[in-house]
Amino acid sequence: MTSPPGTSGPADASPAADPDPSAPTGEPHPAGATDTTNPPDAPSHPSAPRRRPHVPLPDLLALGLPTLVFAVMGWHQRWITDDGLIFTRAVREILAGNGPVYSVGERVETSTSTLWQWLLTLLGAITPFDYAPTAVYTGLVLAVAGLWLSLDGTRRLFRGMAVTRLLLPAGVLVFIAVPSVWDFATAGMETGLILFWIGLSWWLLVGTWLHPVGTHTTRRTLAVSFWFGLGPLVRPDLGLTMAVLLLAQFLLIKARWPKALLMLVCAGLLPAAYEIFRLGYYGLIFPMPALTKEASGSLWGRGWDYLTDYMRPYYLWIPMILILVAVALALTRRRPADHRTWIVIAAPLVAALGQTVYVLKVGGDFMHGRMWLPVLLLVLLPLLLAPLDRLVTPAIVLVAVWAVVCGSTLRSGVFTTPAPDGHGNQVWNERDTYAAWTRTDNPTTEAAHIRTLPTIEEAFRHEKATGERLLFVDPNYIKQLPPLPLRRDLPYDRGLVIGRLGVGGAITPLGGIVVDVWGLSNTVGAHITETAHVAAGHKKLLPFAWNVALYVDPAADALVPEEAAPAAQIRAARAALQCGDLKELVDSVTEPMSASRFWKNLTGAVDRTNLRIPANPIEAEKKFCSPS
């Protein structure tokens with residue numbers, strides 16, 4: 001696989017290493033690497049003026065054809081999920097001047113990807129397009145660009161190792177053949193941004209390796225560190241990958257301590273600044289969905305189920321074994337690489353391992369394959385392409401055969417495993433589910449999702465005509481419950497309690513409040529103890545008594561059926577909300593923002609994040625209202 005950068009002497013005499021003079025590399029070689037193929041007028045030192053690198057047509061085809069297939073399939077599967085609509089509601093609130101909230105009057109951070117939320121906000125401010133399609137197509141563009149950059153990074157790696165043979169698509173065949181990869185190329189979520197961040201990070205890391213030690217300018221080094229540092233803002237768990245990339249960068253340039261500290265400052269400046277804002281504005285140390293899903297917990301068994309759910313339907317172990325065989329064959333036919341080459345190859349693999357451990361630990365996700373996409377790309381990065389070789393090529397041909405079968409015939413379904421509490425741990429094909437619900441092949445608009453709530457849509461129209469201020473309840477949460485009058489001290493003109501937060505945000509005007517029964521936008525719901533583990537991130541179903549106490553006029557308590565919320569629980573919930581740490585928790589998100597409120601939120605964020613509320617309001621009243 002490698003020609004030894006950092007050494008001198010003749011190239012490897014094995015057939016796999018024979019240079020092909022007709023295939024110019026177009027890339028600089030790391031210090032000491034043998035280069036027998038550069039044209040005579042190529043500069044001899046990276047600091048010398050250099051012509052724009054030339055990418056041969058065969059290389060362009062190796063990059064372009066897989067990228068084109070990915071783009072076509074991503075377009076074919078375009079859609080927006082309910083979680084994507086969560087972002088678009090937050091964007092509408094920001095652009096309306098209400099700040100980064102989900103409902104006016106409650107400072108709740110529902111967007112897991114900070115950078116994706118603000119990118120969509122920027123696009124919403126400067127373009128006339130609807131927010132949902134903007135999220136869909138921006139995600140697709142970024143995903144496609146991310147794959148191209150990933151492929152070009154691998155191409156530069158091989159050419160930088162003086163590999164001049166024809167490069168064939170290899171690991172990329174695995175990536176573009178998996179149907180869930182097509183699904184989450186759009187979805188309105190941050191996945192496209194994740195792939196773009198990974199792809200450009202790989203491209204920049206290879207570029208760092210291509211320049212010999214001592215030739216890296218400070219400006220370029222700090223710019224690369226800054227880009228790596230954006231990882232936690234793309235998605236918090238990418239902080240693991242960010243750390244690996246920064247360590248690899250340190251080792252590749254052999255940074256001394258002063259420069260290393262400067263790189264850390266550049267990488268951490270924006271994430272640290274936003275974290276301070278988060279602590280003071282929201283009063284928590286991470287986005288509310290992470291608290292709701294108890295991301296700091298350990299659910300290894302469910303995580304393993306999530307892995308097998310991904311591997312089983314596509315027989316992914318087949319191409320992964322073939323790729324490992326190809327790597328082993330390539331390595332045995334070449335001299336060992338120098339330590340800098342091993343660093344750049346190992347970095348994405350170590351990052352993939354870290355991300356895998358994280359996904360397994362938190363119990364995976366309820367969306368089939370979503371959290372494995374970054375891992376799959378990371379683990380395949382060093383061998384997205386492979387050189388034509390009489391031993392390696394047969395393995396690649398078998399991977400191609402698998403890719404055709406997988407892409408054309410293999411699909412996932414709903415996967416359920418029993419849980420000790422009697423509930424199931426479900427993983428389902430999210431795209432197929434929403435295509436069925438919306439009755440459209442490509443549900444890319446808010447309107448397509450709103451049509452799945454005809455009863456609520458009609459009720460909202462009637463309420464607007466009468467001028468009443470009512471709280472509507474999703475019948476999937478509480479059946480046959482009439483609308484209830486809102487508390488008079490609340491600023492909302494209407495409210496909706498619903499299990500699908502995204503479509504709830506799409507149908508509810510900005511003057512109303514959207515309450516998620518799973519706690520993604522409900523401060524009390526996010527902090528309660530676990531009630532029912534239905535799927536990853538769906539284990540805190542908020543008892544209805546809490547929502548009555550939070551939002552319903554006390555004079556209407558008698559209208560609530562006992563089977564929906566016992567009167568004793570409603571009374572206890574109202575009492576608990578006025579006591580101790582629970583009252584301070586609600587105040588932290590509902591009091592008007594001021595310097596003193598920001599400081600209270602900032603200094604109390606750790607304790608507030610660790611606060612847990614008994615799900616049963618009667619137990620909560622005992623905990624928070626009883627004398628210490």
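## A cluster of four rings

Let's start with a group: W79, F184, Y434 and W437 come together as one aromatic cluster. Keep in mind while you look around that this is a predicted model. Across the whole structure, a search turns up 15 aromatic pairs.

## F277 and Y282

One of these pairs joins F277 and Y282. Their ring centres are 6.1 Å apart and their planes meet at 85°, so the pair is described as edge-to-face, given that planes over 60 degrees apart count that way.

The two partners differ in their surroundings. F277 is partly exposed because its relative accessibility is 26%, whereas Y282, at 3% relative accessibility, is buried.

## F460 and F472

A second pair to find is F460 with F472. Here the centres lie 5.1 Å apart and the planes are at 70°, so these rings are edge-to-face too. The pair links distant parts of the chain, twelve residues apart: F460 belongs to helix α20 (residues 454–466), and F472 belongs to strand β5 (residues 470–473).

## Arginines over rings

R89 sits over the face of Y102, 5.6 Å from the ring centre. Over the face of W203 you will find R156, at 4.1 Å from the ring centre.

How values were computed:
Residues are numbered from 1 along each chain as its sequence is written. This is a predicted model: local features need pLDDT of at least 70, side-chain atom pairs count only at pLDDT 80 or more; totals for chains, interfaces and linings use all residues. Side-chain values use heavy atoms; hydrogens and water are left out. Rings of Phe, Tyr and Trp (its six-membered ring) pair if their centres lie within 6.5 Å; planes under 30 degrees apart count as stacked, over 60 as edge-to-face and the rest as tilted. Buried means under 20% relative accessible area, exposed over 50%, partly exposed in between (1.4 Å probe, protein chains only). Helices (H or I, at least four residues) and strands (E, at least two) are DSSP runs, numbered from the N terminus. A charge sits over a ring if NZ of Lys or CZ of Arg is within 6 Å of the ring centre and within 35 degrees of the ring normal.
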